[in-house]
Amino acid sequence: MTTDRKERKFSRVRQLIREWERIGKKIRGDIIRGMPDREWQDAAICALLIYTTAMRPGREGNATGGVETYGATTLNKSHIHFPNNASVRLRFLGKKAVEQD
């Protein structure tokens, strides 16, 4: 990675850090107020998941070495576990088929 490219990347990171709290408040406010339809609601929940866990978004058809991998937008019911009434556990293969737990 060139020095110029690194500087641009870290400039974006610094900007994100400055906006971090505002972004979180916006996402939580959108969820509390409700979304106009199911698609928007799902997008807000994925945004909150990414915001709170730093999880990668993921994409459809993402496979590593023939193994399906997942992110916040591609999780399914089998990845979500409720060990008790107070917590949620996510288990799935993430980027490069690394187990996420």
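**Close-up 1. Helices H1 and H2 cross in a left-handed way.** That label has a rule behind it: a crossing is left-handed if the near helix is turned anticlockwise from the far one by less than a right angle, and right-handed if clockwise. Keep in mind that this is a predicted model, where local features need pLDDT of at least 70 and side-chain atom pairs count only at pLDDT 80 or more, while totals for chains, interfaces and linings use all residues. Residues are numbered from 1 along each chain as its sequence is written, and side-chain values use heavy atoms, with hydrogens and water left out. Helices (H or I, at least four residues) and strands (E, at least two) are DSSP runs, numbered from the N terminus.

**Close-up 2. Here is how H1 and H2 pack.** Two packed helices are described by the angle between their axes and the distance between the axes. For H1 and H2 (residues 38–53), the angle is about 145° and the axes are 9 Å apart. Axes are lines fitted to C-alpha atoms, for helices over the stretch in contact, and angles run from 0 to 180 degrees between N-to-C directions. On the H1 side, the contact (heavy atoms within 4.5 Å) is made by residues including Trp20, Gly24 and Ile27, and on the H2 side by residues including Ala44, Leu48 and Tyr51.

**Close-up 3. Arg8 and Asp4 meet in a salt bridge.** Side chains of opposite charge can pair when their charged atoms come close. The rule used here is a side-chain nitrogen of Lys or Arg within 4 Å of a carboxyl oxygen of Asp or Glu, and it gives 9 salt bridges. In this one, N to O is 2.6 Å. Both residues sit in H1, 4 residues apart, about one turn of the helix. Arg8 counts as partly exposed, as its relative accessibility is 43% (buried means under 20% relative accessible area, exposed over 50%, partly exposed in between, with a 1.4 Å probe and protein chains only).

Close-up 4. Arg22 is exposed at 53%, and Glu19 is partly exposed at 29%.

**Close-up 5. Arg89 pairs with Asp101 in a salt bridge of 2.6 Å, N to O.** This pair links distant parts of the chain: Arg89 is in strand E4 (residues 87–90), and Asp101 is in the segment after strand E6 (99–100), 12 residues apart. Arg89, Arg91, Glu99 and Asp101 are linked in a network of salt bridges.
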